[in-house]
Amino acid sequence: MISSQTAEHYKWGEDCDGWILASGSDLLIIEERMPANTKEVRHYHAKARQFFYVLSGSLTMELDGVSQTVPARSGINVPANSPHQARNDSESEVIFLVVSTPTSRGDRHDAPAL
């Protein structure tokens with residue numbers, strides 16, 4: 001059994017939190033928290049495809065130059081080699097799951113900002 005209370009914790013981006021729920025070469029599942037008005041660096045993964053599923057709040061995902069709002073209990077697919085940037089444009093925190101297959105560890109490449 002694992003939860004964000006027992007999982008390995010890490011900090012990323014602009015004071016964001018992450019918890020590793022499952023990890024292996026073929027799969028990575030993480031829970032992440034973004035405070036209000038934060039963002040990550042625009043990037044892509046050469047091998048990993050990802051699925052972002054919002055648990056609470058509202059996530060803005062820029063994918064290949066198009067921004068979409070992903071509300072709670074909804075998700076978005078991010079194919080491999082697709083530049084993307086997760087943002088929290090709201091005044092409340094957003095909590096979401098990221099499922100990557102294969103793992104995205106060591107497969108992150110910065111992409112030009114828009």
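**Reading the sheet and its contacts**

Reply: Strand 1 and strand 2 run antiparallel to each other and pair over 5 bridges. The model is a predicted one.

Me: What do strands 1 and 2 form, and which residue in the turn has a positive phi?

Reply: The two strands make a hairpin with 3 residues between them, and Gly-13 in the turn has a positive phi of about 55 degrees. Within the pairing, Tyr-10 has Gly-18 of strand 2 as its bridge partner.

Me: In what order do the strands of the open sheet lie?

Reply: Strands of a sheet pair through backbone hydrogen bonds, in either a parallel or an antiparallel sense. Here an open sheet of 6 strands has the order 1-2-3-11-6-9, with antiparallel pairing. Strand 1 and strand 9 are the edge strands, each pairing on one side only. From one strand to the next, the twist averages 25 degrees.

Me: How many bridges join strand 6 to strand 9?

Reply: There are 4 bridges between them, and the two strands run antiparallel.

Me: Which residues have the most contacts inside the largest nonpolar core?

Reply: That core has 19 residues, and those with the most contacts inside it are Met-34, Phe-52, Leu-59, Met-61 and Phe-96. At least two core residues come from each of strand 1, strand 2 (16-24), strand 3, strand 6 (49-56), strand 7 (58-63), strand 9 (75-78) and strand 11. To follow one member, take Phe-52: setting aside neighbours within four places in sequence, its contacts include Leu-59, Met-61, Ile-76, Val-78, His-84 and Phe-96.

Me: How many salt bridges does a search of the whole structure find?

Reply: Side chains of opposite charge can pair when their charged atoms come close. The search finds 7 salt bridges. Among them is the pair Glu-93 and Arg-33, at 3.4 Å from N to O. This pair links distant parts of the chain, 60 residues apart: Glu-93 is in the loop between strand 10 (84-88) and strand 11 (94-101), while Arg-33 is in strand 3 (residues 27-34). Glu-93 is partly exposed at 37% relative accessible area, whereas Arg-33 is buried at 17%.

Me: Which residue forms a salt bridge with Asp-17?

Reply: The partner is Lys-11, with the closest N and O atoms 3.1 Å apart. Asp-17 is buried, with a relative accessible area of 8%. Another salt bridge joins Asp-89 to Arg-87, where the closest N and O atoms are 3.0 Å apart. Through shared partners, salt bridges join Lys-11, Asp-15, Asp-17, Arg-33 and Glu-93 into one network.

Me: Where is there a cis peptide bond?

Reply: The cis bond joins Thr-101 and Pro-102, with omega about -10 degrees. Pro-102 sits in the loop between strand 11 and strand 12. Thr-103 lies in that loop between strand 11 and strand 12 (108-110), and is buried at a relative accessible area of 17%. A polar atom of the Thr-103 side chain lies 3.2 Å from the backbone nitrogen of Arg-105.

Me: What is the phi of Asn-37, and what is that of Arg-73?

Reply: Asn-37 is not a glycine, yet has a positive phi of about 55 degrees. Asn-37 lies in the loop between strand 3 and strand 4 (38-39), and is partly exposed at 45% relative accessibility. Arg-73, also a residue other than glycine, has a positive phi near 70 degrees. The loop between strand 8 (66-71) and strand 9 holds Arg-73, which is exposed at 69% relative accessible area.

Key
Residues are numbered from 1 along each chain as its sequence is written. This is a predicted model: local features need pLDDT of at least 70, side-chain atom pairs count only at pLDDT 80 or more; totals for chains, interfaces and linings use all residues. Side-chain values use heavy atoms; hydrogens and water are left out. A salt bridge is a side-chain nitrogen of Lys or Arg within 4 Å of a carboxyl oxygen of Asp or Glu. Buried means under 20% relative accessible area, exposed over 50%, partly exposed in between (1.4 Å probe, protein chains only). A nonpolar core is a set of buried Ala, Val, Leu, Ile, Met, Phe, Trp, Tyr and Cys residues joined through side-chain atoms within 4.5 Å. Contact means heavy atoms within 4.5 Å. A polar contact is a pair of N or O atoms within 3.5 Å; within protein, one must be able to donate a hydrogen and the other to accept it, and residues adjacent in sequence count only if both atoms are side-chain atoms. Two strands pair if DSSP finds at least two bridges between them. Axes are lines fitted to C-alpha atoms, for helices over the stretch in contact, and angles run from 0 to 180 degrees between N-to-C directions.
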